[in-house]
Amino acid sequence: MTNSPQVTVLCGGVGAARFLKALSRVLPAADITGIVNTGDDTVLHGLHISPDLDTITYTLAAAIDPERGWGLVDESWRALEALRRYEQIRPEGSQAGGTWFGLGDQDLATHFYRTARLKEGARLTDISQEIASAWGLDYRLLPMSDDPAPTLVSVDPKDDPGGDGTGWISFQEYFVRHRHGIAVRELHLGATSAHPTPEVVQAISSADAVVIAPSNPFVSIGPIRALPHVDELLSQRRDSVVGISPLVGGAAVKGPAADMMTDFGYRPDSVGIGQIYRAICGHLVIDEKDAVLARDVEEQGISATVTNTMMGDPAIDEHLARLTLTAAGLSV
Ligand code: FO1
């Protein structure tokens, strides 16, 4: 009997969660490692929230709310509603009791547990695995770092009237409070002064293939790449690294990726994605609706695989997972 290959996936939130699920149709979950962006992490009400880890855990456990794509299905919001009482009386300048970030009653349990374990001195790496086990998952889900690595977003201060006037806001303020509806001028990736964990270094170096999930290249994959040594490790094994484009027909399946491509001077399509990834990946999977772009992708020295990347149907998911691994040189 031959061992099944070990596959590592660089992950943001929703698109990555769907791809990990798709991969489990062709590989045992225990052979799949997700390295998950923590640049989106935030502390609210004293609670440590790791949105991408949560979205992936809940999706793989089939407990995610399918409409929202975040938080738990059949959720109730009584704690958040109760907070509104305090939000009305807090002194000017206080952030206490804010209700702009939706924390459901059951979801709070995850943040309680993570925060309490961090206070006990546990590593986010171990805690994330404990949470995954509590949800019955066999996947290995690794935060990209145990160090804080917050992504900060620079916007026009006029677009952030209640802010401190600098225009620098946290990622969640940009994404949730402003519904990612304002232009981004610049990003500051806290990951540049954080460290990848030994588990992350090992998962990138020793996997049989590395996949870059269809996630935002700047704010989901960008922080993982910004960790010291990660780009170097990926470029050393470029031929077995395959990316999946998050853009289909010039638009993101979810989130602000296409707008950010334009904000940062890239073509908002799979050719632009190829430009961003060409140093670290040898292959790009693009959607069949973008088949005409395959030649332009390949002109950048990246092989292009064209298929349906819109996940959700079991047969399509399995086909995408197989083609992705085949592009990386594996036979599954
Ligand atoms: N996304 C929203 O658009 N609105 C919310 O109120 C919100 C709350 C939230 C709570 C916990 C959690 O784990 C995720 C949550 N998200 C929410 C999703 C999340 O903030 C973003 O989708 C990601 O950071 C982008 O990848």
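Visitor: What makes the meeting of the side chains of R114 and D54 a salt bridge?

Guide: A salt bridge requires a side-chain nitrogen of Lys or Arg within 4 Å of a carboxyl oxygen of Asp or Glu. In R114 and D54 the N to O distance is 2.6 Å, so the pair meets the definition. R114 belongs to helix α4 (residues 105-119) and D54 to helix α2, 60 residues apart; helices are DSSP runs of H or I with at least four residues, numbered from the N terminus. The whole structure has 14 salt bridges.

Visitor: On what basis are these values given?

Guide: The model is predicted: local features need pLDDT of at least 70 and side-chain atom pairs pLDDT 80 or more, while totals for chains, interfaces and linings use all residues. Residues are numbered from 1 along each chain as its sequence is written, and side-chain values use heavy atoms, without hydrogens and water.

Visitor: Which residues of the shell around the ligand are charged or nonpolar, by number?

Guide: The shell divides into seven nonpolar, two polar and four charged residues; Asp, Glu, Lys and Arg count as charged, Ala, Val, Leu, Ile, Met, Phe, Trp, Tyr, Cys and Pro as nonpolar, and the others, Gly among them, as polar. Helix α6 gives the most, with four residues.

Notes. Helix = DSSP H or I, 4+ residues; strand = E, 2+ residues; numbered from the N terminus.
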